[in-house]
Amino acid sequence: MNWDDVRIFLAVARSGQILGAAKRLDLNHATVSRRLAALEDGLRTKLFRRTTTGSELTLAGERFLAIAERMEAEM
């Protein structure tokens with residue numbers, strides 16, 4: 001698992017938006033979206049429900065959020 005992908009996941013989870021996370025991370029929103037898709041493919045599950053107003057965590061996303069936050073704290 002790539003830490004940068006986890007970092008991007010955390011930013012989207014916290015902001016609730018791919019665009020907001022991209023601005024916060026100083027990345028292109030397409031890059032953020034692509035990296036999230038790669039993380040989801042690697043985990044073989046959807047972490048977000050993408051809507052016109054933002055991104056909501058799925059149940060799997062909520063579970064992964066706890067793991068990602070532990071990873072972040074230990075870094």
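Select helix α1, then display what lies over its buried residues: the cover includes α2, α3, β1, β2 (54–57) and α4. Contact here means heavy atoms within 4.5 Å. Buried means under 20% relative accessible area, exposed over 50%, and partly exposed in between, with a 1.4 Å probe and protein chains only. Helices (H or I, at least four residues) and strands (E, at least two) are DSSP runs, numbered from the N terminus. This is a predicted model, in which local features need pLDDT of at least 70 and side-chain atom pairs count only at pLDDT 80 or more, while totals for chains, interfaces and linings use all residues. Residues are numbered from 1 along each chain as its sequence is written, and side-chain values use heavy atoms, with hydrogens and water left out.

**Helix α1**

Stay on α1 and colour its buried residues: Asp5, Val6, Ile8, Phe9, Leu10, Ala11 and Val12. Next, check the helix length. The expected span is 1.5 Å times one less than the number of residues; for the 13 residues of α1 that gives 18 Å, and the end C-alpha atoms are 18 Å apart, so the two agree.

Move to the start of α1 and select Asn2 and Asp4. A side-chain oxygen of Asn2 comes to within 2.7 Å of the backbone nitrogen of Asp4. Just past the other end of α1, Gly16 has a positive phi of about 80 degrees.

**The aromatic cluster**

Which residues form one aromatic cluster? Select Phe9, Phe48 and Phe64 to see it. Rings of Phe, Tyr and Trp (its six-membered ring) pair if their centres lie within 6.5 Å; planes under 30 degrees apart count as stacked, over 60 as edge-to-face and the rest as tilted. Two aromatic pairs are found in a search of the whole structure. In the pair of Phe9 and Phe48, the ring centres are 5.4 Å apart and the planes are at 50 degrees, so this pair is tilted. Phe9 belongs to helix α1 (residues 3–15) and Phe48 to strand β1 (residues 48–51), so the pair links distant parts of the chain, 39 residues apart. Phe9 is buried at 0% relative accessibility, and Phe48 is buried at 4%.

Phe64 lies in helix α4 (residues 59–74) and Phe9 in helix α1, so the pair ties together parts 55 residues apart in sequence. Both Phe9 and Phe64 are buried.

**The nonpolar core**

A nonpolar core is a set of buried Ala, Val, Leu, Ile, Met, Phe, Trp, Tyr and Cys residues joined through side-chain atoms within 4.5 Å. The largest one has 19 residues, and those touching the most other members are Phe9, Val12, Leu36, Phe48 and Phe64. Elements giving two or more residues to this core are α1, α2 (18–25), α3 and α4; α1 gives the most, with six residues.

Centre the view on Val12. Leaving out residues up to four places away in sequence, Val12 touches Gln17, Ile18, Ala21, Val32, Leu36, Phe48 and Ser55.

**Glu40**

Select Glu40, which sits in helix α3 (residues 29–43). Is Glu40 buried or exposed? Glu40 is buried, with a relative accessible area of 3%. Its side chain makes a polar contact of 3.4 Å with the side chain of Arg50. A polar contact is a pair of N or O atoms within 3.5 Å; within protein, one must be able to donate a hydrogen and the other to accept it, and residues adjacent in sequence count only if both atoms are side-chain atoms. Neighbours within four places in sequence aside, Glu40 is in contact with Thr45, Lys46, Leu47, Phe48 and Arg50.

**Two loop residues**

Finish with Asp26, in the loop between α2 and α3, and Arg44, in the loop between α3 and β1. Asp26 is not a glycine but has a positive phi of about 60 degrees; Asp26 is exposed, with a relative accessible area of 70%. Arg44, also not a glycine, has a positive phi of about 60 degrees and is exposed at 78% relative accessibility.
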